[in-house]
Amino acid sequence: MKMTLMEIAAFIGGTIIGSEDIIISNIRSIEEADKGDLTFIANKKYLKNLKTTKASAILVSPQTTAEGKNLIVVSEPYVALVKLLDLFYPADHGRSGISSDAYIEDGVEVSSKATIFPRAFISKGVKIGKGTVVYPGVFIGKNVSIGENSIIYANVTVHHSCVIGNRVILHSGVIIGADGFGFASPGRQNIKIPQVGFVQIDNDVEIGANTTIDRATLGKTWIQRNVKIDNLVQIAHNVVIGENSVITAQVGISGSTKLGKSVLVGGQAGMVGHISIGDNVMIAAGSGIHRDIKPGEIVGGNPQLPYKEWLQFEACRSKLPEIRATFRDLVKKVDSLEKKFQKKVK
Amino acid sequence: MKMTLMEIAAFIGGTIIGSEDIIISNIRSIEEADKGDLTFIANKKYLKNLKTTKASAILVSPQTTAEGKNLIVVSEPYVALVKLLDLFYPADHGRSGISSDAYIEDGVEVSSKATIFPRAFISKGVKIGKGTVVYPGVFIGKNVSIGENSIIYANVTVHHSCVIGNRVILHSGVIIGADGFGFASPGRQNIKIPQVGFVQIDNDVEIGANTTIDRATLGKTWIQRNVKIDNLVQIAHNVVIGENSVITAQVGISGSTKLGKSVLVGGQAGMVGHISIGDNVMIAAGSGIHRDIKPGEIVGGNPQLPYKEWLQFEACRSKLPEIRATFRDLVKKVDSLEKKFQKKVK
Amino acid sequence: MKMTLMEIAAFIGGTIIGSEDIIISNIRSIEEADKGDLTFIANKKYLKNLKTTKASAILVSPQTTAEGKNLIVVSEPYVALVKLLDLFYPADHGRSGISSDAYIEDGVEVSSKATIFPRAFISKGVKIGKGTVVYPGVFIGKNVSIGENSIIYANVTVHHSCVIGNRVILHSGVIIGADGFGFASPGRQNIKIPQVGFVQIDNDVEIGANTTIDRATLGKTWIQRNVKIDNLVQIAHNVVIGENSVITAQVGISGSTKLGKSVLVGGQAGMVGHISIGDNVMIAAGSGIHRDIKPGEIVGGNPQLPYKEWLQFEACRSKLPEIRATFRDLVKKVDSLEKKFQKKVK
């Protein structure tokens, strides 16, 4: 793919500072970019590379300047970058149609416009919509429904009765609908509570590699529209995640906890079960959340504190040993002073 | 499935308060239940829903009352629920027998009463007992032994020489018997120490999706009878987990650590290697355990503290900045007071 | 395999204390070893077992003594153990050649000296070198290159365009090259940023079960020579891990973070994105790293502190409630003393 800077600027609605005629063949990061490459500044940390980059042009936000460089200025560089990446590097699954080497049980409804790779396993009662791609090693259990234009990557498992929407992406190793973890009399008899619910994944959800989303005990575990979940995340039975929420890698959410809309959860955070996290909450990486969080709150630490309190605590955490030592001295000093004073008063 | 409340009460040994003749068709959670549904109160948090639920009947523990509602009173609602769920929603793998589309090497002993799905891979020397179900995408390595009535879900891997008991459930993506993580001269040469032991999983163990249990360096990694392990848990080489213990999601247990019986471990907790955790220990979610824990202890925090000390610390953690600020003032005040006093005494 | 102690000592270059003629048939841990077994002391914790072990001989480091026991003394017992384990228990994949039951697309270059198991899936454009073993259930995406003598265990997924070196071990369930987690306008629109880079894994790298290594947004995610990564680790897009580094289980490394050479990371530690960790850094288990770390530093805690400061804080953490209580008393005492003094002075 080759385009002039002018063509690119027209495509993304940007303004050029510099030469319009240079040819762009590739998009590369600011550290790797060379002649013929377009690069971008998406994180202020990389502004320092603006002078030294060898890129032929740089995608920047307004107010960014760089003498002698060719810039395309757009209000949202990341959004423009997305359009260009899709243009330069279109996704290609390399196949279409339903392979005769897939194992497809009787009584399924797979669109003839779906792509089923060899070695996928489709159980009876499954429905798969047009444009959906199912890679090798995928197991789709009985009566699962998958919408249109979804991508189910290699070695994904979707257990029976789960419902997957349109434009959903399940990355490799994802397990949807394994049994929730529920036992009566835990630690003594460990009597398994049958997990007879399902998992519902709404449109435009993306779920990262090796993430596990358990089926509900009863009813459904529910991942709502446009939620994005990273790798190795654990979502327990009956959890609900509200639309547009973003869950970073290795987060764990315990049973029946409900997240509102647009919740942002940092990596490795954990939440106990049966709590409510309000809309627009932000949870710092590594936090442990033990109670309900009100809409819009920002929290950190384990157990959670309001973010500011947590930062203040962390800031003087390393002073505790010094405080403790001086404190003992002070106690003695005051005692001695008191005694002297008592003596004097007498 | 349709049963009268009277039939249900007889089946689980409960007492009815209200009408005996109503028909139950489904079991649902208290929030979702509607006419024709039986629901239950398993967590006190949900007692508030007792008045408003639309369920036709509610399974409750003794002393629970709800005017105008049909109740079945049992001493252990969760245990009764288990029996009813098994009755209303019996497990159904949808197949039986050994599929000719499974890949089975020569020299295996698979019971004719086992179920092997298409696309499972069974290596030579493997033994599989009657009633055991092996789903598609499963890899069973050489000389593995699996007992009776176990379920090996899709895309599980069990490496060579591991021993799996009866009524064991391995959820999808579980890896049993990958190499333990052992290197001589770590960080410099990283010389791999061959991992030549195996994993033994005793009867009635259940292991959650994408959990990994490494083979021993020598000898065995051992998961004892009736242990229940959640998703995405890491069990390192030569770990022993005592019977009835319950390990929640994303826990990590380092090499050669031994857990006693009936140990309860909260989610995302971690344990260093070569330590002993006594019987009946409880470890709070997110804890980091760095030393032996005596039987019956309850611990939390990272590094661990006795649970009460940990709670007390956490409770005044957010006061540290204030203490620090006031402390500096107090030091000055005492100094000034001392000087004045000295002056006066002179 | 049977060898005399003399033969073993000759093979590993050790010195015998005791009888040279005894026959060794197996290598076992010090707790399990019995007559005919060689055992070893690799961790000082186990020195206490030296007297009571039933092993016929013990591999020890210099200066270790045990009356009446047969010892082989070597400068590095772990390295000697590695040689003996390889000798007594040679790895055996049980197959060779390219199975006709593997699914191999047109246009691949697989060495005739590679081993491809049945049910592996090899996409077009793939290159696989001699001596490499690919197990069942493995998916290799388009244009992937794998070097010589590597082992790709069952149910691994390697996505398109990734580059794997020689003598690399990918344990079961590993996912290489799933999309990095990048969205413009997170929590609101969640616009997916196409991930068009790849993953490069250099020679002698070993990666643990169910670990995920995401492809770069642009450019590459790069695991350098001889890095060892444990199970269930998350490596985000564009991360670089320097040679000989050791990453323990359940660690998470966020996007674009760079680790130097010989970095040791303890289990469950997390690192934010876009930071630099210097050569020879050691990070304690469970730490949360929020900033650059200089070469050679040892850090712990969340957020990280220099290791000594962290230990000091942890040591007096449980005293905070007591300090707080006594502190309030002290404030009152000083106030009262001051008042009395003021009165007296008047």
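Predicted model: local features only at pLDDT ≥ 70, side-chain atom pairs only at ≥ 80, totals over all residues.
Helices here are DSSP runs of H or I with at least four residues, strands are DSSP runs of E with at least two, and both are numbered from the N terminus.

Residues are numbered from 1 along each chain as its sequence is written, and chains are lettered from A and ligands numbered from 1 in the order in which they are written.

Chain A also meets chain C, with 59 residues of chain A in contact with 60 residues of chain C. This time α2 (77-88), α3 (307-317) and α4 (320-345) of chain A each bring at least two residues to the side that touches chain C. Again α4(A) gives the most to the side of chain A in question, with 11 residues. The class count for the side of chain A that touches chain C is 26 nonpolar, 19 polar and 14 charged residues.

As for how the copies are arranged, a rotation of 120° with 0.0 Å of shift along its axis superposes chain A on chain B, at an RMSD of 0.1 Å. That is the relation of a three-fold axis. In chain A, the C-alpha nearest the axis belongs to Gly137(A), 3.6 Å from it. Chain A can likewise be laid on chain C by a turn of 120° and a shift of 0.0 Å along the axis, with an RMSD of 0.1 Å.

Taken by itself, chain A has 4 helices and 39 strands. The radius of gyration of chain A, 28 Å, is well over the 20 Å that the globule rule gives for 346 residues, so the chain is more spread out than a compact globule. The radius is taken over C-alpha atoms, and the rule is 2.2 Å times the number of residues to the power 0.38. Along the principal axes, the C-alpha atoms of chain A fill a box of roughly 105 × 70 × 30 Å. Buried residues make up 52% of the 346 residues in chain A; a residue is buried if 20 or more other C-beta atoms lie within 10 Å of its own, exposed if 12 or fewer, and partly exposed in between, with C-beta atoms placed from the backbone. Among contacts in chain A between residues at least 6 apart in sequence, 18% join residues at least 24 apart. In α3(A), the buried residues are Trp310(A), Glu314(A) and Arg317(A). These residues cover an arc of only 55° around the axis, which puts them on the same side of α3(A), the arc being that of the directions from the helix axis to the C-beta atoms.

On to the strands. In chain C, an open sheet of 11 strands with mixed pairing has the order β10-β13-β16-β19-β24-β27-β30-β33-β36-β38-β39. The edge strands are β10 (115-116) and β39 (305-306) of chain C, each pairing on one side only; two strands pair if DSSP finds at least two bridges between them. Within this sheet, β16 (residues 151-152) and β19 (residues 169-170) of chain C run parallel and are joined by 2 bridges, with Ile151(C) opposite Ile169(C).

In chain B, strand β23 (residues 198-201) is covered on both faces: Phe198(B) and Gln200(B) on one side and Val199(B) and Ile201(B) on the other are all buried. Strand β18 (residues 163-164) of chain B runs parallel to β23(B), joined by 2 bridges, and Val163(B) has Gln200(B) as its bridge partner. β23(B) also pairs with β26 (residues 220-223) of chain B in the parallel sense, over 4 bridges, Val199(B) being partnered by Thr221(B).

Note on methods
Contact = placed C-beta atoms within 7 Å. Nonpolar A, V, L, I, M, F, W, Y, C, P; charged D, E, K, R; others polar. Least-squares fit on C-alpha atoms with pLDDT ≥ 70 in both.
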